[in-house]
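Hi,

Here is the model I promised to pass on.

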Amino acid sequence: MTNAMRTTVDRDGLAGRREWTAFVVLLLPLLLVSMDVSVLFFAIPSIDRDLAPSATQQLWIFDVYAFVLAGLLITMGSLGDRIGRRRLLLLGALAFGAASVAAAYAAGPGMLIAARALLGVGGATLMPSTMGLVRNMFRDERQRSRAVGIWSGAMAGGIALGSVLSGVMLQRFWRGSVFLINVPAMVLLLVLVPVLVPEFKDPDPGRFDLLSMPLSMGAVLPVVYGIKESAAHGLDLPNALTIAAGLLVGGLFVRRQRSRGDAMISRELFRDRGFAAGIGLNALAAFAMMGSAFFTTQYLQSVLGMGTMEAALWSMAPSLAVGVAAPTATVIAQRTDRTRVICAGFVIAAAGFAVLALTGTDSLWLLLCGCAVMSCGIVTVMALVSDLALSTAPPEKASSAASLLETGQEFGGATGMALLGAVATAVYTADMPGSAPEAARKTLPGAVAMGDASLISVGREAFVHSMQYASVAGAALLLAGAVLAVTLLRRAAAREGAALTSQRGSIPATATPVRAAALNRRGNSGVLPSSTPRCGALPADSGSARNAARARQPATRQN
């Protein structure tokens with residue numbers, strides 16, 4: 001960090017133009033990582049023509065990126081805290097750029113699968129590193145909340161943008177262009193990050209626990225894989241055993257983290273109850289977001305009969321509202337109680353699901369309205385609970401905190417697709433006549449493929465009915481999330497306040513009158529006199545004010 005930056009931060013704790021410029025640069029990897037989740041939607045026909053992958057290889061081309069990304073998030077978050085978040089970000093950008101070139105020029109399906117896996121490795125380094133850097137660059141609570149709000153909106157928009165951008169690119173260029181668009185952004189990142197972004201790392205990280213790395217992957221990958229396969233093909237014995245195996249390894253991983261001083265996931269992260277609450281609520285929001293995507297995308301294509309490109313363009317419409325919702329929510333939360341705004345976000349999202357429950361077989365605008373309302377509510381929740389979790393985490397553990405948030409989001413999204421998809425599938429199957437072909441009874445695309453107009457009409461009615469049931473289930477779950485948010489966050493704030501009240505009451509007998517008066521005033525002023533060590537303020541909610549004060553201390557090593 002330059003001397004000028006140190007002076008600015010030390011003087012008023014506010015980030016200046018340099019930090020905001022660096023933040024814009026850090027949005028680049030976020031957009032690209034989220035876009036790569038959906039960038040292959042239009043590229044598969046070209047890949048089929050050029051590389052001729054088998055059905056199994058095609059699935060792995062799609063899924064290996066997300067699986068590797070999810071499996072390595074915890075490891076890379078811990079590694080970033082140890083070796084430096086900026087250093088890991090640069091290594092990740094180099095890997096992501098190289099993997100993009102390899103994917104663009106892949107000579108066979110196996111090479112493309114390997115390149116997509118390497119993209120997942122790069123993505124796993126970029127996401128927690130960038131969010132961890134945001135946590136450290138923005139020490140002022142209001143500025144950090146605003147940055148995280150913009151961050152959440154950009155991430156949600158990137159997923160929608162990926163499919164549309166790939167369609168536009170493939171209309172003019174060859175299939176490799178959807179991967180090569182990553183390369184200029186990674187080059188820009190490699191050039192600008194060393195100039196604009198300071199280095200942050202844990203000054204006393206301890207040894208890196210090598211055994212925890214395979215344990216974390218062995219916990220995350222089987223569970224995510226089993227849940228996603230269950231969403232696509234139903235919960236059978238192999239999928240159930242896969243999930244069970246992951247949960248077993250997860251138990252071993254948690255036990256190891258509790259028993260070791262150099263654990264990959266520090267126990268210090270969970271000292272504030274607001275951190276665990278933030279992870280859980282964020283996962284619940286991702287559950288609703290991805291669960292709704294299971295049937296809304298099918299509605300556009302199979303019920304309304306849109307082509308893939310047209311459906312992708314219409315699906316971007318709700319993203320325009322999402323881009324405004326997250327920053328607006330953070331501003332509102334700064335002026336009122338954050339818990340109430342989080343609760344309102346869940347209620348708004350539930351209202352969006354309720355609108356989706358009213359759709360018929362020709363309700364494009366109703367669908368778009370419901371998706372926009374739901375997405376605004378969900379992104380509001382994600383932005384605020386992400387900021388809550390990051391603000392309560394120690395600054396030196398910011399990358400680890402970010403990796404846990406994103407891992408929980410992966411679990412929530414996969415589970416949402418599985419459970420809401422299972423509800424929709426069960427209703428659809430029950431509504432279809434028993435005389436219909438098996439393919440038509442399983443999915444609406446199967447009915448459309450039969451070419452029978454009467455069967456397609458019945459299938460569309462059954463699908464809409466199934467979507468209505470799934471929407472009601474999603475709305476009920478989100479209303480339960482609102483209650484859970486109030487319960488967890490108020491309880492966390494109450495415990496934090498009780499702990500600080502107890503601390504204020506325990507004034508040492510040897511304390512001077514000035515020191516004793518300062519300790520007694522802390523709950524009202526939130527700041528001790530300059531002659532005394534700085535302590536946190538009594539939190540307004542979830543310990544955020546206390547941790548904002550703690551964040552102003554030079555807890556992380558900066559270069």
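W60 is partly exposed at 35% relative accessible area, and so is Y225 at 29% (partly exposed lies between buried, under 20%, and exposed, over 50%, with a 1.4 Å probe and protein chains only). Their rings are stacked, because the centres lie 6.0 Å apart and the planes meet at 5 degrees (Phe, Tyr and Trp rings, for Trp the six-membered one, pair with centres within 6.5 Å; planes under 30 degrees apart are stacked, over 60 edge-to-face, the rest tilted). W60 sits in helix α4 (residues 55–83) and Y225 in helix α10 (residues 212–233), so this pair ties together parts 165 residues apart in sequence (helices are DSSP runs of H or I, at least four residues, numbered from the N terminus).

Before you go further: this is a predicted model, where local features need pLDDT of at least 70 and side-chain atom pairs pLDDT 80 or more, while totals for chains, interfaces and linings use all residues. Residues are numbered from 1 along each chain as its sequence is written, and side-chain values use heavy atoms, without hydrogens and water.

The whole structure holds 7 aromatic pairs. One of them is F23 with F138, edge-to-face at 5.7 Å centre to centre and 90 degrees between the planes. F23 belongs to helix α2 and F138 to the loop between α6 (109–137) and α7 (141–172), 115 residues apart. F23 is buried at 2% relative accessibility, as is F138 at 0%. Ring pairs also join W20, F23 and F138 into a cluster.

Technical notes
Helix = DSSP H or I, 4+ residues; strand = E, 2+ residues; numbered from the N terminus.
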